[in-house]
Amino acid sequence: MGNELADEVHRRMIRHGSAEDLEECAALWVRACAARDGVAVAGVAERARPKFGHAESWIVAEEPGTGIVGFVLATKPQSGLPTDPPDAAVVSLLAIAPDAQGLGLGGTLLARVADALARRGHERAVLHVLADNHPAVRLYERQGWMPWGAPFPHSLLKRPTQTYLRDLGA
């Protein structure tokens, strides 16, 4: 199977992301954020694109005939916020196509990236979530992520954001 990771539950191919996937993933990120926020926000793609160049683990979910319907990108420790634990890898981006949300794909991708980071020797990972993004918060908490530190305003959206931390050794 090579670079592919079969995902029979979702009938989608789960595989490692590559440079050829960058623009499709960036466009998906913009669509998913617009669906979440109810409006497209300028600057979202520009903020996301550089993160792909620092991937520690990048996993995409691809549907035949449709293309990429979800992805997760993690970067090395100290690539997130200055307040993040210095030893924690950073789950920088997780996006699911709006019409594929609620089907468990986000959980699958999040579990896969946590496993990949643990295999690379990372003991902890961190992510940041808008506090009012209740579906994402529920997903993270179901998968063992715990709030860490005080909420802070998102630098672009100015909405309360919470850092979550997960022990990858468990």
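## Helix 4 and its surroundings

Glycine 144 follows helix 4 and has a positive phi, near 90 degrees. The coordinates belong to a predicted model.

Helix 4 spans residues 134-142, and its buried residues are Ala136, Val137, Leu139 and Tyr140. Viewed along the axis of helix 4, these buried residues fall within an arc of 160 degrees, so they line one face of the helix.

Rolling a probe the size of a water molecule over the atoms shows where empty space is left. For the whole structure, the search returns 1 cavity of 30 Å³ or more. The volume of the largest cavity is about 40 Å³.

The lining of this largest cavity consists of Val30, Cys33, Ala34, Asp37, Val39, Ala40, Val41 and Val44. Helix 1 (residues 22-37) supplies the largest share of that lining, with 4 residues. Sorted by class, the lining comprises 7 nonpolar residues and 1 charged residue, with no polar residues.

## Annotated domain

An unreviewed UniProt entry places the feature "domain: N-acetyltransferase" at residues 12-163.

Note on methods. Residues numbered from 1 in each chain as written. Predicted model: local features only at pLDDT ≥ 70, side-chain atom pairs only at ≥ 80, totals over all residues. Heavy atoms only, no water. 1 Å grid on protein atoms, 1.4 Å probe; cavity = no way out; pocket = protein on both sides within 12 Å on 5 of 7 lines; lining within 4 Å. Points joined across faces, edges and corners; volume = space filled by probe spheres on them. Helix = DSSP H or I, 4+ residues; strand = E, 2+ residues; numbered from the N terminus. Nonpolar A, V, L, I, M, F, W, Y, C, P; charged D, E, K, R; others polar. Buried < 20%, exposed > 50% of the residue type's maximum accessible area, 1.4 Å probe, protein only. Arc of directions from axis to C-beta. UniProt positions renumbered as here; feature names shortened; annotations may be inferred.
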